[in-house]
Structures are given as C-alpha cells and as structure tokens.
Amino acid sequence: MNYWPLLGIALVVIGFALRFNPLVVVVGAALATGILAGLDLVAVIEALGRAFNDNRYISVTWIILPVIGLLERYGLQQRARAVIANLRGATMGKLLTVYLLFRQVTAAIGMKDIGGHPQAVRPLVAPMAEAAAEKTHGDLDESERQQVLAMSAATDNVGLFFGEDIFFAIASILLIQGVFESYGYPLTPLELSVWAIPTAICAFCIHGWRINALESRLARVRRTASGEGAA
C-alpha cells in the first residue's frame, strides 16, 4: 500500500497553520497528492479541471447574491437584531449552540444547503449573535465584535462539515467508499455514515465548549473592567 499520497493532508494542515492562501494550499496539496499517487502532471490538472467544471454553481450564485443584497438593503440584519434584543434569556452562547445543532441535524439528513455564510450567517446568524452578546455584556469593542462574527461563521463550518458525513448519499461518503473499495475493503455507505456519528457528537461538544468559552471570556472582561472602574 502506497502511503505517500497522504502527504497531501500534511500539506493542507501546514499551509493553513502558516496562514497561506487557502486556494494555493488546496491546489498545491491536490497536485502533490496526484503526483505521489503515480499520476502525471497533465492527468492531475485534467482531474482538477473536470471536478471544477462538474461542480460549478455560478448561475445559482448570481441568483442568491442579489436576493440577499436586497434583503439586507431593506433591513434584514436590523430586524434580526431586534428579534434577539426582545427575546428574554437569549445569549450568544445559547443562540450559536442551537444553530450548531440545527446545522448538524439538517446536514445529516441531506439538507446541507439550508444554511451557509451568504444566505444564513451574514444576514441572520451573525447579527443575531452580535445583538445577543451586546444585550448580555454591553457594547463590544471592534476586537470582541470580530470574535463574535468569526465564531458565528465557524459554527456554520463545523456544523456542516461534521454533519454532512452522516448522510450516506453525500459525495464525501461515496469518495471514501470508493477509496476503501479500491484497496480491497468493501464497505457500504451506511456503514461509513454510522461511524461518522461519534465524530459529529465530539465536534458538537468541542465547538459548543468553544462558544461558551467565548461567552465566559466576554463576561470576565466586563467584570474585570467593572472592578477596575469601582476601584
């Protein structure tokens, strides 16, 4: 068995850790994986081009973006903030934890496009999380605001990434099945999906802890500032 192609994974991890351009990192890792697997450069580039051509959704993007833009132009974010401001007991931690669960469950049953950054996080989830944080902790400075927005986007990413593999008809599961079958390990998509459930549960617990850690950090900063002001 040839393990050299797995170096592509290491390249992705190192590239993201060093904060290189994600597009360069992914393309470079794909080229390295293909070459280490014994393919020539032309075949690797051909495979990348075919995958890009088969998975284009440019027309869908042109439909979604103007709709989201119009909704934001007429106050969608402001309405989302107002809803949270008037909701008793709403906190950023509770809101993002519920959205994480929602994202994982819907992705697990194949509804992976029901959320997302342009259609859900930017116009709804992020403004609501920001409003909930301000309601609980008072005005946020720019650094704290960016942390809340980043956590909102990360929640969508984690929920989708670790939820979609539970759906046995997703492309990633079929890819994993094909790889295992090529090495003589016949597995059904359902068997692979079942083993994705423990990973999804761990991801929910870990990211839920990160959300509430941010909530606690914001509260601790406010308590420290209040104590210094009183002193």
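On the H6 side, Met-92, Leu-95, Leu-96 and Tyr-99 meet a set of residues from H7, namely Ala-120, Val-121, Val-125, Met-128, Ala-129, Ala-132 and Ala-133. Sorted by class, this contact of H6 with H7 comprises 11 nonpolar residues, with no polar and no charged ones. Please bear in mind throughout that the model is predicted.

How do H6 and H7 pack, and at what angle? Helix H7 covers residues 117-137, and the angle between H6 and H7 is about 150°, with the axes 8 Å apart. Angles over 145 degrees count as roughly antiparallel, and H6 is therefore roughly antiparallel to H7.

Within H7, I would draw your attention to Val-121, which has its place in that helix. Is Val-121 buried or exposed? Its relative accessibility is 5%, so Val-121 counts as buried, the cut-off for buried being under 20%. Leaving out residues up to four places away in sequence, Val-121 touches Tyr-99, Gly-116, Ala-126, Pro-127, Ser-152, Ala-153 and Asp-156.

Helix H6 spans residues 92-108 and helix H8 spans residues 142-164; they pack at an angle of about 25°, and their axes are 7 Å apart. Since angles under 35 degrees count as roughly parallel, H6 and H8 are roughly parallel to each other. The crossing in which H6 passes H8 is right-handed.

By class, the contact of H6 with H8 divides into 11 nonpolar, five polar and three charged residues.

Val-25 lies in helix H2. With a relative accessible area of 8%, Val-25 is buried. Setting aside neighbours within four places in sequence, Val-25 is in contact with Leu-11, Val-12, Gly-15, Phe-16 and Phe-20. Val-25 and Val-12 are 13 residues apart along the chain, and 6.0 Å separates their C-alpha atoms.

Arg-19 is found in the loop between helix H1, residues 7-17, and helix H2, residues 22-36. What is the relative accessible area of Arg-19? The value is 75%, so Arg-19 is exposed. Most residues other than glycine have a negative phi. Arg-19, although not a glycine, has a positive phi of about 60°.

Finally, the chain as a whole. The protein chain has 11 helices and zero strands. Of its 231 residues, 29% count as buried. The protein chain exposes about 14800 Å², of which carbon and sulfur atoms supply 69%. Among contacts between residues at least 6 apart in sequence, 69% join residues at least 24 apart. Thank you for your attention.

Notes:
Residues numbered from 1 in each chain as written. Predicted model: local features only at pLDDT ≥ 70, side-chain atom pairs only at ≥ 80, totals over all residues. Heavy atoms only, no water. Axes fitted to C-alpha atoms, helices over the stretch in contact; angles between N-to-C directions. Helix = DSSP H or I, 4+ residues; strand = E, 2+ residues; numbered from the N terminus. Parallel < 35°, antiparallel > 145°, perpendicular 65-115°, else oblique. Left-handed = near helix turned anticlockwise from the far one by under 90°. Nonpolar A, V, L, I, M, F, W, Y, C, P; charged D, E, K, R; others polar. Buried < 20%, exposed > 50% of the residue type's maximum accessible area, 1.4 Å probe, protein only. Contact = heavy atoms within 4.5 Å. Areas by Shrake-Rupley, 256 points an atom, 1.4 Å probe, with all protein chains shown as cover.
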